[in-house]
Amino acid sequence: MYWYLPFISPSASMHLMSSELFTLTYGALVTQLCKDYENDEDVNKQLDKMGYNIGVRLIEDFLARSNVGRCHDFRETADVIAKVAFKMYLGITPSITNWSPAGDEFSLILENNPLVDFVELPDNHSSLIYSNLLCGVLRGALEMVQMAVDVKFVQDTLKGDSVTEIRMKFIRRIEDNLPVGEE
Amino acid sequence: PRLSSNEKLMLASMFHSLFAIGSQLSPEPGSSGIEMLETDTFKLHCFQTLTGIKFVVLADPRQAGIDSLLRKIYEIYSDFALKNPFYSLEMPIRCELFDQNLKLALEVAEKAGPFGPGP
């Protein structure tokens with residue numbers, strides 16, 4: 001299976017990449033972490049940390065290529081994440097549901113998750129959050145645009161659920177490093 | 001005429017503070033800060049990203065196409081500096097590929113001259 005990365009800007013060329021290679025690479029990463037850390041909680045933490053490091057860099061690439069402006073509220077942020085960012089990097093468009101009444105929490109429902117193609121969780125790793133890297137990426141990326149968020153998986157197809165659901169909660173705006181001129 | 005590293009640092013820190021003061025002083029709310037500074041001998045262009053990074057270009061006052069140059073530099077930064085896992089954020093960028101591509105982009109912009117890049 002191949003996917004075409006969408007043609008976003010004149011300098012971003014059309015890339016063709018094997019998604020199997022991506023799935024294999026991510027799988028190798030997770031299994032190595034499992035060997036290194038021996039317990040699922042630590043692996044989850046490491047995945048989140050690695051994701052965070054990816055996120056703080058990926059956001060610049062995203063902003064440079066997608067040309068989206070600053071989001072005015074969390075709903076806009078949710079839209080951009082699901083419709084532009086996920087599409088751009090993973091080729092999927094999750095749906096946005098379950099808004100909290102205060103508008104500060106929502107869920108991303110992923111029908112399919114490219115990271116877990118062909119993956120089955122064995123019984124001895126039942127508390128492993130396989131795709132936890134994604135949570136870190138989202139957290140790191142949003143932190144660079146002055147939003148502190150909490151991201152976690154609430155449903156996972158690897159654990160028997162019908163869909164994969166990521167819950168995102170807005171915690172606060174990060175005021176200390178605000179680029180000057182933003183109110 | 002090239003600026004020494006020290007002069008660049010001074011320019012950057014001074015400009016950062018001026019930018020901050022400028023945005024506060026602006027009569028318009030939600031000002032985007034100092035985008036351009038013009039003098040007789042040069043023009044200073046600044047582009048601030050949503051993440052707070054500022055790209056500053058010093059150019060000849062007649063040079064056109066700086067806006068697209070700034071966007072191109074943003075892309076080059078996000079590619080060669082950020083995707084290099086050995087580059088740490090906020091440190092001076094010592095990546096060869098970044099320098100090479102930056103030079104190329106500058107040459108393209110310079111050739112375009114006062115009339116802007118061709119179609």
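## Helix H2 of chain A

At the start of H2(A), a side-chain oxygen of A:Asn39 comes to within 3.0 Å of the backbone nitrogen of A:Glu41. The model here is predicted, so to speak of local features takes pLDDT of at least 70, and side-chain atom pairs take pLDDT 80 or more, while totals for chains, interfaces and linings use all residues. Residues are numbered from 1 along each chain, chains are lettered from A, and side-chain values use heavy atoms, leaving out hydrogens and water.

H2(A) covers residues 40-66 and bends by about 30° at A:Arg57. The bend is the angle between axes fitted to the seven residues ending there and the seven starting there. Helices are DSSP runs of H or I with at least four residues, numbered from the N terminus.

## H1 meets H2 in chain A

Helix H1(A), residues 19-37, and H2(A) have axes that come within 9 Å and cross at roughly 135°. That makes the pair oblique. Axes are lines fitted to C-alpha atoms over the stretch in contact, with angles from 0 to 180 degrees between N-to-C directions. Under 35 degrees counts as roughly parallel, over 145 as roughly antiparallel, 65 to 115 as roughly perpendicular, and the rest as oblique.

The crossing is right-handed, meaning the near helix is turned clockwise from the far one by less than a right angle. Ala, Val, Leu, Ile, Met, Phe, Trp, Tyr, Cys and Pro count as nonpolar, Asp, Glu, Lys and Arg as charged, and the others as polar.

## H2 across to chain B

H2(A) also packs on helix H2(B), residues 66-81, at about 150°, with axes 9 Å apart. The two are therefore roughly antiparallel, and their crossing is left-handed. A:Arg57, the bend residue, takes part in the contact, and B:Tyr74 is one of its residues in H2(B). The contact divides into 5 nonpolar, 1 polar and 6 charged residues.

## H3 and H4 of chain A

H3(A), residues 74-90, and H4(A), residues 132-144, have axes that come within 13 Å and cross at roughly 120°. They are therefore oblique. The residues in contact include A:Ile81 and A:Phe86 of H3(A) and A:Leu138 of H4(A).

Definitions and conventions
A polar contact is a pair of N or O atoms within 3.5 Å; within protein, one must be able to donate a hydrogen and the other to accept it, and residues adjacent in sequence count only if both atoms are side-chain atoms. Contact means heavy atoms within 4.5 Å.
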